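Me: I am new to this structure and would like to learn how to read its features one at a time. Where should we begin?

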Amino acid sequence: RSGLAFFHIRRGDTVSVCDTALPRIHRYLMCSLRGEMITPISTKFGNMTLLLASDERDPCYRRAIQTIVEKGLGYNFVDLDEIIWTVLKGHIAKHAGDSRLWNNMYVYHLTRMVFSDPRIDLELTLRRAN
């Protein structure tokens, strides 16, 4: 069995109120996906693939998350935003009138559509403290 996990990290407008620094993300993922749980994630979902969605634009940050997932956890990693931006770029090149779609909110909308797919087994979320 293979499992799919959707992980959204909101960074842009919340970075000052929500700690999404790499050390915290590392601890969070290790605890959530490899921690001492009643039913380990690997038993429940098998070979996990983590789908990352984020408004973070720094490719180094995104690659660091990939390293944590692949080398630290041994799971597969897909940068969902990167795929969506690439597909959008190709679509807009063919259909110039659709250039209004080239924005972060449209990409976020598409990632939420992926998340709503019933084949997604697990959602990881970091929330702001109120």
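Reply: Begin with the classes used for residues: Ala, Val, Leu, Ile, Met, Phe, Trp, Tyr, Cys and Pro count as nonpolar, Asp, Glu, Lys and Arg as charged, and the others, Gly among them, as polar. Keep in mind that this is a predicted model.

Me: How do the residues of the lining of the second largest pocket divide into these classes?
Reply: Rolling a probe the size of a water molecule over the atoms shows where empty space is left. Here the second largest pocket has a volume of about 310 Å³. Its lining has 14 residues, and Glu56, Arg57, Arg62, Asp79 and Trp85 are the closest to the centre. By class, the lining holds eight charged, three polar and three nonpolar residues.

Me: Which elements give two or more residues to that lining?
Reply: They are H3, strand E3 (76-79) and H4. H3 gives the largest share, four residues.

Me: How many helices and strands does the protein chain have, and in what order do they run?
Reply: There are five helices and four strands. Read from the N terminus, the order is β-α-α-β-α-β-α-α-β.

Me: How does the length of H1 compare with what its residues should span?
Reply: H1 has 13 residues, which at 1.5 Å a residue should span 18 Å; the end C-alpha atoms are 17 Å apart, so the two agree.

Me: Which residues of H1 are buried?
Reply: Buried means under 20% relative accessible area. In H1 that applies to Ile25, Leu29, Met30, Ser32 and Leu33. Over the protein chain, with its 130 residues, the buried part is 37%.

Me: Which residues touch the most other members of the largest nonpolar core?
Reply: That core has 19 residues, and the ones with the most contacts to other members are Phe7, Leu29, Leu33, Leu50 and Ile65. At least two core residues come from each of E1, H1, strand E2 (47-54), helix H3 (59-73) and strand E4 (122-125). H3 supplies the largest share, five residues. Another core lies apart from this one and has nine residues, including Leu51, Leu80, Ile84 and Leu101.

Me: Where is Phe7, and is it buried or exposed?
Reply: Phe7 sits in strand E1 (residues 2-9). Its relative accessible area is 0%, so Phe7 is buried. The C-alpha atom of Phe7 is 6.0 Å from that of Leu51, although 44 residues separate them along the chain.

Me: How many aromatic pairs are there, and how should I read them?
Reply: A pair of aromatic rings is described by the distance of the centres and the angle of the planes. This structure holds two such pairs. In one, the ring centres of Phe7 and Tyr28 are 5.9 Å apart; the planes meet at 20 degrees, under the cut-off of 30 degrees, so the pair is stacked. Phe7 in strand E1 and Tyr28 in helix H1 (residues 22-34) are 21 residues apart, so this pair links distant parts of the chain.

Me: What about the pair of Trp85 and Trp102?
Reply: That pair is edge-to-face, with 4.7 Å from centre to centre and 70 degrees between the planes. Because Trp85 lies in helix H4 (residues 80-94) and Trp102 in the loop between H4 and helix H5 (104-115), the pair ties together parts 17 residues apart in sequence.

Me: Are these two residues buried, exposed or partly exposed?
Reply: Trp85 has a relative accessible area of 24%, so it is partly exposed. Trp102 is also partly exposed, at 44%.

Terms used
Residues numbered from 1 in each chain as written. Predicted model: local features only at pLDDT ≥ 70, side-chain atom pairs only at ≥ 80, totals over all residues. Heavy atoms only, no water. Buried < 20%, exposed > 50% of the residue type's maximum accessible area, 1.4 Å probe, protein only. Phe/Tyr/Trp six-rings, centres within 6.5 Å; stacked < 30°, edge-to-face > 60°. Core = buried A, V, L, I, M, F, W, Y, C linked by side-chain atoms within 4.5 Å. Expected span 1.5 Å × (residues − 1). 1 Å grid on protein atoms, 1.4 Å probe; cavity = no way out; pocket = protein on both sides within 12 Å on 5 of 7 lines; lining within 4 Å. Points joined across faces, edges and corners; volume = space filled by probe spheres on them.
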